[in-house]
Amino acid sequence: MALSSLGSIFLKAGASRISHDQGILSAALQVATEWRLFLGVLMYIIPVAIWIYLLKKLDITFLQPLFSLVYVVTPLLAIAYLGENIPLHRWIGISIILLGIFVSSKN
C-alpha cells in the first residue's frame with residue numbers, strides 16, 4: 001500500500017507539471033518525458049505483483065480491508081510531500097477507515 005500511495009504522490013507531482021496550453025501533442029510529449037509520471041505508474045505496477053502473491057497466500061476478506069490503508073497513507077504523504085491541507089471532515093473519514101480496518105482484522 002505504501003508503494004501505491006507513493007505512486008499517487010508521484011502521479012500528482014508529475015501531472016502538475018504538464019501544460020495543455022500548446023495542444024495535445026505537446027502535452028503528450030511532456031507526459032512521455034516526465035519522470036515523476038513514469039515512477040508513479042511503476043509504483044502502481046509493483047503492488048499488483050505483490051497483490052497477486054498475497055492473494056495466493058491469504059484470504060481476500062482479510063487483505064481487502066488492509067488495502068484500505070492506502071486511504072490513510074496517501075493523505076499523510078500528500079501533507080509531507082505536496083504540502084496539501086487535510087480538512088477536518090477528511091480526518092474524520094480517515095479515522096472511520098482506520099476503525100473499519102481494526103474491526104475487520106480481528107479474528
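Tutor: Let us begin with what a helix is here: a DSSP run of H or I with at least four residues, numbered from the N terminus. Isoleucine 24 lies in such a run, helix α2, which covers residues 24-33. Please keep in mind that the model is predicted.

Student: Why is isoleucine 24 called exposed?

Tutor: A residue counts as exposed when its relative accessible area is over 50%, and isoleucine 24 has a relative accessibility of 68%, so the label exposed applies to it. As for its place in the model, the C-alpha atom of isoleucine 24 is separated by 35 Å from that of phenylalanine 67, and the two residues are 43 residues apart along the chain.

Student: What makes the protein chain's confidence values what they are called, and which elements have the lowest and the highest mean pLDDT?

Tutor: The value called pLDDT is the predictor's confidence in each residue, on a scale from 0 to 100. For the protein chain the mean pLDDT is 93, with 99% of the residues at 70 or more. Among the elements, helix α4, residues 60-67, has the lowest mean at 89, while α5 has the highest at 95.

Student: Why is serine 5 called buried?

Tutor: Buried means under 20% relative accessible area, and serine 5, with a value of 0%, therefore counts as buried. Serine 5 belongs to helix α1, residues 2-15, and beyond its neighbours within four places in sequence it is in contact with Val70, Val73, Thr74 and Leu77.

Student: How do you know that serine 5 and threonine 74 are joined by a polar contact?

Tutor: For a polar contact, a pair of N or O atoms has to lie within 3.5 Å, and the contact joining the side chains of serine 5 and threonine 74 is 2.9 Å. Just after α5, glycine 83 takes a positive phi of about 70°.

Student: What makes the pair of glutamate 34 and arginine 36 a salt bridge?

Tutor: The definition asks for a side-chain nitrogen of Lys or Arg within 4 Å of a carboxyl oxygen of Asp or Glu, and the closest N and O atoms of this pair are 2.5 Å apart. A search of the whole structure finds one salt bridge.

Student: Are the two partners buried or exposed?

Tutor: With the cut-off for buried at under 20%, glutamate 34 is buried because its relative accessible area is 11%, and arginine 36 is buried because its value is 17%. Arginine 36 sits in helix α3, residues 35-57, and, not counting residues up to four places away in sequence, it touches Phe10, Leu11, Ala13, Gly14 and Arg17.

Student: Which residues form the nonpolar patch on the surface, and how do you know that leucine 88 is exposed?

Tutor: The patch is formed by Leu76, Ile79, Leu88, Trp91, Ile92 and Ile96, with about 570 Å² of accessible area together. Helices α5 and α6 each supply at least two of its residues, and the largest share, four residues, comes from α6. Leucine 88 is found in helix α6, and since exposed means over 50%, its relative accessibility of 62% is why leucine 88 counts as exposed.

Technical notes:
Residues numbered from 1 in each chain as written. Predicted model: local features only at pLDDT ≥ 70, side-chain atom pairs only at ≥ 80, totals over all residues. Heavy atoms only, no water. Patch = residues over 30% accessible without salt bridge, like charges linked within 9 Å, V, L, I, M, F, W, Y side chains within 5 Å. Areas by Shrake-Rupley, 256 points an atom, 1.4 Å probe, with all protein chains shown as cover. Buried < 20%, exposed > 50% of the residue type's maximum accessible area, 1.4 Å probe, protein only. Polar contact = N/O pair within 3.5 Å; in protein donor to acceptor, adjacent residues only side chain to side chain. Contact = heavy atoms within 4.5 Å.
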